Amino acid sequence: MDTQPHILIVDDDREIRDLLGRFLTKHGYRATTAADGREMKKALADWAIDLVVLDLMLPGEDGLQLCRNLRAESDLPVIMLTAMGEETDRIVGLEMGADDYLAKPFNPRELLARIKAVLRRTGSSGGRQAVEDDGGRIAMFDGWRLDLDRRELTAPDGVLVPLTGGEYDLLAAFVSRPQRVLNRDQLLDLARGRDAQPFDRAIDVQVSRLRRKIEADPAEPALIRTVRGGGYMFTPKVEHG
């Protein structure tokens, strides 16, 4: 699997979103776009984002408010886009927690350089770290206990169940977003990278292997349910501690 950084571009200008999305994809990144704060929040819930490129001027909640909210909830890196000459807004943006800013109009190569620098500085672990840090380092479900520090799974009877790296990453993705339908692309992304073959069924193989380890009856799975035409849903309630 690849571990391409996943960049979220939030801008109400569709032309800019499309241009930056294509440019970043061409240079080895994954790119998701959003037109406003609502779409941004949905993208952050659906994907493991590593860095947000956030326009200051947005309909509804502006970039400063969104940056403030984001910083209150996570340490996800943010590069803010501002109009030329808005020095005060840039300063306020940095005070709100943005990691860098870029004035419009700009050369996409300049943005690429800023993204690389910020990811280097922050360790590029933004959204993916959140998979393991979502509410605590221990996740408990249906009598099972997943230690996210030790990467250990303990069965309800206290027996330690060995997991491969891929099985652990997949289970960590499931416990971070329980009771939600996740398609294969989302699971591949949340489980630390996306396979270069978009139609590859590797995720189905990992789900099958994981079911054999945690389901009472793998032939009739209750914890990891298949959703027709959608993907998979992790059904149990998850408690973090």
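## Exercises on a predicted model

At 15% relative accessibility, Thr-32 counts as buried, because buried means under 20% relative accessible area, exposed over 50%, and partly exposed in between (1.4 Å probe, protein chains only). The model is predicted, so local features need pLDDT of at least 70 and side-chain atom pairs pLDDT 80 or more, while totals for chains, interfaces and linings use all residues. Residues count from 1 along each chain as its sequence is written, and side-chain values use heavy atoms, without hydrogens or water.

**Exercise 1.** Place Thr-32 in the fold and list its contacts.

*Solution.* 
- Step 1: find the element. Thr-32 is in strand S2. Strands (E, at least two residues) and helices (H or I, at least four) are DSSP runs, numbered from the N terminus.
- Step 2: set aside neighbours within four places in sequence. Thr-32 then contacts His-6, Ile-7, Leu-8, Ile-9, Ala-43 and Trp-47. Contact means heavy atoms within 4.5 Å.
- Step 3: look at the side chains.

**Exercise 2.** What is the strand order of the open sheet of five strands?

*Solution.* 
- Step 1: read across the sheet. The order is S2-S1-S3-S4-S5, and the pairing is parallel. Two strands pair if DSSP finds at least two bridges between them.
- Step 2: find the edges. Strand S2 (30–34) and strand S5 (100–104) each pair on one side only.
- Step 3: note the twist. From one strand to the next, it averages 20°. Angles run from 0 to 180 degrees between N-to-C directions of axes fitted to C-alpha atoms.
- Step 4: zoom in on one pair. S3 (residues 51–55) and S4 (residues 78–83) are joined by four bridges. Here Asp-55 faces Leu-81 of S4.

**Exercise 3.** Which strands does helix H5 lie across?

*Solution.* 
- Step 1: locate the helix. H5 covers residues 108–122.
- Step 2: name the strands. H5 lies across S1 (6–10), S3, S4 and S5.
- Step 3: H5 runs at about 175° to S5.
- Step 4: check the loop between S5 and H5. Pro-105 lies there. A cis peptide bond links Lys-104 to Pro-105, with omega about -10°.

**Exercise 4.** Examine the hairpin of S11 and S12.

*Solution.* 
- Step 1: pair the strands. S11 (residues 224–227) and S12 (residues 231–234) are antiparallel, over four bridges.
- Step 2: pick one partner. Ile-224 bridges to Phe-234 in S12.
- Step 3: inspect the turn. Three residues separate the strands, and Gly-229 has a positive phi near 75°.

**Exercise 5.** Asp-142 and Gln-179: buried, partly exposed or exposed?

*Solution.* 
- Step 1: take Asp-142. Its loop runs between S6 (138–141) and S7 (144–147). At 53% relative accessibility, Asp-142 is exposed.
- Step 2: take Gln-179. Its loop joins H7 (165–176) and S10 (181–182). Gln-179 is not a glycine either, yet its phi is about 55°. With a relative accessible area of 47%, Gln-179 is partly exposed.

**Exercise 6.** How many helices and strands does the protein chain have, and what share of its residues is buried?

*Solution.* 
- Step 1: count elements. The chain has nine helices and 13 strands.
- Step 2: state the share. Of 241 residues, 47% count as buried.
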